[in-house]
2 protein chains.
Amino acid sequence: MKILIIGGGGMVGQKLAHKFALSGTCGNQAITQLTLADAFAVPEFTIPSNFPVKSVVADITNPAIAQSLFTDKPDLVFHLAAVVSGEAEANFEKGYSVNLGGITNILEAIRLTGNGYKPRLVFTSSVAVYGGPYRENIDDDFHLQPRTSYGTQKAMSELLLNDYSRRGFVDGITLRLPTICVRPGKPNKAASGLFSNILREPLVGIEAILPADKSAPNYFATPRSAVGFLLHAATLDTSLLGDNRALLMPGVWGTVGDEIDALRRVAGDDIVALIKYEPDPAVERMLANWNFPRFVSSRANSLGFTAESTLDEIIQIHIDDELGGKIPGLEK
Amino acid sequence: MKILIIGGGGMVGQKLAHKFALSGTCGNQAITQLTLADAFAVPEFTIPSNFPVKSVVADITNPAIAQSLFTDKPDLVFHLAAVVSGEAEANFEKGYSVNLGGITNILEAIRLTGNGYKPRLVFTSSVAVYGGPYRENIDDDFHLQPRTSYGTQKAMSELLLNDYSRRGFVDGITLRLPTICVRPGKPNKAASGLFSNILREPLVGIEAILPADKSAPNYFATPRSAVGFLLHAATLDTSLLGDNRALLMPGVWGTVGDEIDALRRVAGDDIVALIKYEPDPAVERMLANWNFPRFVSSRANSLGFTAESTLDEIIQIHIDDELGGKIPGLEK
């Protein structure tokens, strides 16, 4: 089985690649080749694997370059590449070019390959496809009413993937990811970054700025769960999906205040004291679009997707996976 | 006020242009110029008007040509041009190129004009953006789950128009039109054409083929109402719409059987006898996606959009507007 990860240089793409390297298989099939494509040079892949791992720099906004990723007909494709929400809002043209133009070029490359080529394509969307006013709950069938350009691009991409799948050009599945938390590494331009920042930085003893009110809610899953979703989607029987191939993934709903309470339980008052409240009107405007009610992922649950069930668990997984099981902030 | 109608050579575009020629105004503003753009040469415009009427052949799938339609900065733009549902299903590339590429190029032309240029753009979408399984009712907030490429293209266009409007590049409004019935003239490639054919042909004494079961439902409004919707949308206070600028238009729900019953009441048994039932599996497959429940257009109603309330009225309006108030089929 040949696997292509578009966005293979990103945080989730790298974790997924590591997982493949360690297991050597996807489902019950041996992996024969893994290609990591990204707009920027992917860091050298140092995990030993029993299959070749190739890194390519590829600008998917160029149709010919997108096409070149499919010359060796990968059996399984992950499309994780995206301009994040804050950047898509700040740079209108880039957002549409990468987030909508990218998947358009990928789908067209697959369709134009022809000769019965019909790979599984796992695409990551986001809860940013939703917008208020809300009903009591949000589920798979809640209407798409994005309030950001990023959410619009993801919603349009979902519709496109559904249609290409319905027409038989690709075997697509869209995962509407919760906000990934705790996101490791440096802050990125995602508007949702603050929900990770206020946990990640204090845990290592660094002050974090909270630019929004404690009442701001979001919907969370760990990087470990995100990788689990992708692996599960890779081998899922897509005939179970019907025509709506977009699935809301499971996660944990909580407010900034809930996050802080969980951080206090897991790491104590001194760590929580490192969070400084400095409201930023621009961030608060964006968050006002995300006053999410509860999410109901029963369709994904029944298909076997799983995630954490508490914010405490989410923080502990970060400590285990990224900090070697210790809280460096407590040792300062 | 300068007005541009893209799709100005089509049935609804021509009726709208005639209406403008007769009134000389739009809302309370005098019209100073009307441009009718279409992919094909628009028939010569013979209605006298007190403003110049210009026809242009323009392929909106070409960004530069789309841009050329905006050099004189029309104040009001109607985008009615589309590849119809049957054709978009049969010709995948053409459907996306015209139905999604077209509005993309138009929105980009407007955005790139800049200098505060922000026209009202009235865009016609369709109830084909919906798909089952349905709730009891469909309203503006029912989720977009198209089951055709045409419906997908319209749904994606709606999202794009919402985002360009939210970003302040255009003052857009989308009208989700019911199936236009009775559509005058020759049958076109719209899958929904049969709902008009079985009324239009018998009324002039010609046999009509019914390729689908009598139980097939649809949602109807006359061409007269469609023009009324467009005129109302042209001057509506769009600040009332919030971020969701797509409005389900009012109409009459009914099945093929309801249409036949109404035809019998309006025109008699001899006219109804001209309908021949010849099931076509391809048509029935397409209609299976359109097993619409009732539609609730309360948002549009409260904003002042109006339509017919019975199928009898719809048939009578066709007789009045297209047949000079008589039923030629009765005179044969």
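User: Which residue of chain B comes closest to the rotation axis?
Analyst: This is a predicted model, in which local features need pLDDT of at least 70, side-chain atom pairs count only at pLDDT 80 or more, and totals for chains, interfaces and linings use all residues. Residues are numbered from 1 along each chain as its sequence is written, while chains are lettered from A and ligands numbered from 1 in the order in which they are written. At 1.9 Å, taken at its C-alpha, the residue of chain B that comes closest to the axis is B:H143.

User: How are the two copies related?
Analyst: Superposition is by least squares on the C-alpha atoms of residues with pLDDT of at least 70 in both copies. Chain B can be laid on chain A with an RMSD of 0.0 Å, by a turn of 180° and a shift of 0.0 Å along the axis. The two copies are thus related as by a two-fold rotation axis.

User: What percentage of the contact residues of chain B recur in chain A?
Analyst: Residues are in contact if their C-beta atoms, placed from the backbone, lie within 7 Å. By that rule, 19 residues of chain B are in contact with 20 residues of chain A. The same surface serves both copies, and the recurring share is 100%.

User: Which helix of chain B gives the most to the side that touches chain A?
Analyst: Helices (H or I, at least four residues) and strands (E, at least two) are DSSP runs, numbered from the N terminus. The top contributor gives eight residues and spans residues 149-166 of chain B. That helix is α5.

User: How many charged residues are on the side of chain B that touches chain A?
Analyst: Asp, Glu, Lys and Arg count as charged; Ala, Val, Leu, Ile, Met, Phe, Trp, Tyr, Cys and Pro as nonpolar; the others, Gly among them, as polar. This side has seven nonpolar and seven polar residues. The charged residues number five.

User: What distance separates the centres of domain 1 and domain 2 of chain A?
Analyst: Domain bounds come from an automatic or database domain assignment. Domain 1 of chain A covers 2-178 + 222-248, and domain 2 covers 191-218 + 252-293 + 309-331. Taken over C-alpha atoms, their centres are separated by 27 Å.

User: How many residues does domain 2 of chain A give to the contact with domain 1?
Analyst: Domain 1 of chain A gives 13 residues. On that side, α3 (85-90) and β8 (137-138) of chain A each supply at least two. Domain 2 of chain A gives ten residues.

User: Where does α4(A) bend?
Analyst: Helix α4 of chain A (residues 92-113) reaches 31 Å from its first C-alpha to its last, close to the 32 Å expected (1.5 Å times one less than its number of residues). A bend is the angle between axes fitted to the seven residues ending at a residue and the seven starting there. α4(A) bends by about 35°, at A:G101.

User: Which residue of β14(B) stands opposite B:N218?
Analyst: Strands pair if DSSP finds at least two bridges between them. An open, mixed sheet of chain B has the order β10-β12-β14. Four bridges join β12 (residues 217-221) of chain B to β14(B), and the two run antiparallel. Opposite B:N218 stands B:G254.

User: What is the omega of the peptide bond from B:C181 to B:V182?
Analyst: B:V182 is found in the loop between β10 and α6 (194-203) of chain B. The bond from B:C181 is cis. Its omega is near 5°.

Methods:
Contact = placed C-beta atoms within 7 Å.
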